[in-house]
Amino acid sequence: MPEVRIERLAKRFGTTVAVDEVSFTVENGSLAVLLGPSGCGKSTTLRLVAGLETASGGRILVDGRDVTGLPPPARGLAMVFQSYALFPHLDVARNITFGLEVRRVPKAERAARLREAAALLGLEGLLHRKPSELSGGQQQRVALARAIVAQARLCLMDEPLSNLDAKLRQEMRKEIRELQRRLGMTMLYVTHDQVEAMTMADRIVLLKDGRVEQVGTPAELYAKPATLFAAAFLGTPPMSLLALEDGPEGAVVAGSDVCVLPGRPGRGRVLGLRPESVRLAREGGHRAVIESVEFLGADSHLACRIGRERLLVRASGHLDLSTGAEIGLAWPESAVHLFDAGSGRRLEVV
């Protein structure tokens, strides 16, 4: 399976820069996720790799071969779209093998590939149905089967699960990941859903405003976000980001006298804390006021205020706490993330 290398890839629509010198590598046989909010350039980047858009600059290399100027059929890839793009008048079998028919693949080989893909995706009993007779999950499996029978070494997926309900998305995430591993396929997957990215990816390419914000494994991006954007984007609930000020004994939370970094400057810095890293302190701790309590069954989410800043806490089980109550909060020094407020870049905690 191929390695894909993107080098300073750019796409401009008039004066609008949709993709701004994006660079990353998808290793052979791995699943990389392009993650980011709407309008960040992730789908445009995928379409550039597919050859559906013409690059304004940079290179796309597949196994060292420059495919930047090649048409889509010459790139040796398959693509699964958000809309499934099934032919409504064709049955499942013909939808899966239509591309093979167009390429004049012999009938016996088409049948063999169809049997293999249908068995992999549990479609054997659905081959004579029309798309309108299928559920959303079944239609997605047909789109996946169509990509599999093409026997492309590289598969591109553009938000393929966004039209499914939450339960189906969870099931299909597992199926796609297991299928990718079983086939050893190199896959580039686009999503705005951080849960999909965290549970499926070998590596995440986080995009913002057409630029790469951070590249790394899910664990790396979660444990050591490189920017304020990365810190806030990954995590449910998201990381709390508290503006700091200089106090008499060190950095304090803005609008308070709560010293959180003794002996260190605070002005121009932002403190980051994951909600699961913060615990309730029966004695001592940093004083905070509860603004809201959400009970979610396995755990509870508390929104607390220190000075002008808001801090989230995730605690196990049900908490008998009321809005407006004052509590103590504590966290280990190892849980502290520090960022420069101006550049948004991560700072080392020393």
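Colleague: What makes Arg264 and Glu333 a salt bridge?
Modeller: The closest N and O atoms are 2.8 Å apart. A salt bridge needs a side-chain nitrogen of Lys or Arg within 4 Å of a carboxyl oxygen of Asp or Glu, so the pair qualifies. This is a predicted model: local features need pLDDT of at least 70, side-chain atom pairs count only at pLDDT 80 or more, and totals for chains, interfaces and linings use all residues. Residues are numbered from 1 along each chain as its sequence is written, and side-chain values use heavy atoms, with hydrogens and water left out.

Colleague: What class do Glu291 and Arg305 fall into?
Modeller: Glu291 has 30% relative accessible area, so it is partly exposed. Arg305, at 28%, counts as partly exposed too. Their side chains meet in a salt bridge at 2.5 Å, N to O. Glu291 is in strand S16 and Arg305 in strand S17, 14 residues apart.

Colleague: How do you know what Ala298 touches?
Modeller: Contact means heavy atoms within 4.5 Å. Leaving aside neighbours within four places in sequence, Ala298 is in contact with Ser316 and Gly317. Ala298 lies in the loop between strand S16 (286-295) and strand S17 (299-306). Its relative accessibility is 65%, so Ala298 counts as exposed.

Colleague: What makes a space a cavity, and how many of 30 Å³ or more are there?
Modeller: On a 1 Å grid over the protein atoms alone, a cavity is a set of points where a 1.4 Å probe fits but cannot get out; a pocket is an open set with protein on both sides within 12 Å along at least five of seven lines. There is one cavity of 30 Å³ or more. The largest cavity has a volume of about 40 Å³, a volume being the space filled by probe spheres set on the points, joined across faces, edges and corners.

Colleague: Which residues line the largest cavity?
Modeller: Among them are Leu144, Cys155, Ile176 and Gln180. Lining residues have an atom within 4 Å of a point. The lining has nine nonpolar, one polar and no charged residues. Nonpolar covers Ala, Val, Leu, Ile, Met, Phe, Trp, Tyr, Cys and Pro; charged covers Asp, Glu, Lys and Arg; the others, Gly among them, are polar.

Colleague: What is the volume of the largest pocket?
Modeller: About 730 Å³. Of its 26 lining residues, the closest to the centre are Leu77, Ala78, Met79, Arg103 and Ala150. Helix H2 gives the largest share of the lining, six residues.

Colleague: What makes a nonpolar core, and which members of the largest touch the most others?
Modeller: A core is a set of buried Ala, Val, Leu, Ile, Met, Phe, Trp, Tyr and Cys residues joined through side-chain atoms within 4.5 Å. The largest has 49 residues; Leu35, Ile96, Leu123, Met157, Ile176, Met187 and Tyr189 touch the most other members. H4 supplies the largest share, seven residues.

Conventions. Buried < 20%, exposed > 50% of the residue type's maximum accessible area, 1.4 Å probe, protein only. Helix = DSSP H or I, 4+ residues; strand = E, 2+ residues; numbered from the N terminus.
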